Amino acid sequence: MTALAPEPVGSAGRSLGCGEVPPAATVVVLAYNAAATISRSLVALARQDCREPFEVVVVWSGDDDTAELAGRELPAARLVGQRGRLLTGAARNLGVAHARG
């Protein structure tokens with residue numbers, strides 16, 4: 001099986017809640033053709049009130065506008081992914097590989 005290289009869309013990668021402080025945790029959001037649902041998830045993450053900073057890594061795959069929507073909805077998120085489908089395990093591993101928390 002050939003590993004596909006991710007297409008980084010944006011890499012703001014700022015920790016939510018504490019500016020540029022390194023994150024204490026990472027939330028990995030898998031988003032396969034998730035344009036219809038991604039906004040609600042990211043808005044909910046942005047509204048979290050945590051003492052410790054955390055980062056969000058959105059792993060997108062598919063052929064819709066998920067990456068563009070995610071970048072607009074939560075600019076601090078790190079976006080990685082590819083056109084075409086990533087299976088769940090591969091998507092999770094890709095998100096963890098880009099995690100800093």
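Helices and strands here are DSSP runs, helices of type H or I with at least four residues and strands of type E with at least two, numbered from the N terminus.

**View 1. Order of the elements along the chain.** In this predicted model, the chain holds three helices and four strands, and, read from the N terminus on, these elements follow one another as β-β-α-β-α-β-α. Of the 101 residues of the chain, 36% count as buried. When contacts between residues at least 6 apart in sequence are considered, 69% of them join residues at least 24 apart.

**View 2. The packing of helices α1 and α2.** Helix α1, spanning residues 38–46, packs with helix α2, spanning residues 66–73, at an angle of about 25°, and their axes lie 10 Å apart. Because angles under 35 degrees count as roughly parallel, α1 and α2 are therefore described as roughly parallel to each other. The crossing of the two helices, α1 and α2, is right-handed.

**View 3. The residues between α1 and α2.** On the side of α1 the contact is made by I38, S39, L42 and V43, and on the side of α2 by T66, L69, A70 and E73. Sorted by class, the contact of α1 with α2 comprises five nonpolar, two polar and one charged residues.

**View 4. Confidence along the chain and the segment of residues 1–13.** The chain averages a pLDDT of 84, and 80% of the residues score at least 70. Over residues 1–13, however, pLDDT stays under 50, and for this segment the model has 25 contacts beyond four places in sequence.

Conventions: Residues numbered from 1 in each chain as written. Predicted model: local features only at pLDDT ≥ 70, side-chain atom pairs only at ≥ 80, totals over all residues. Heavy atoms only, no water. Axes fitted to C-alpha atoms, helices over the stretch in contact; angles between N-to-C directions. Parallel < 35°, antiparallel > 145°, perpendicular 65-115°, else oblique. Left-handed = near helix turned anticlockwise from the far one by under 90°. Contact = heavy atoms within 4.5 Å. Nonpolar A, V, L, I, M, F, W, Y, C, P; charged D, E, K, R; others polar. pLDDT = per-residue confidence, 0-100. Buried < 20%, exposed > 50% of the residue type's maximum accessible area, 1.4 Å probe, protein only.
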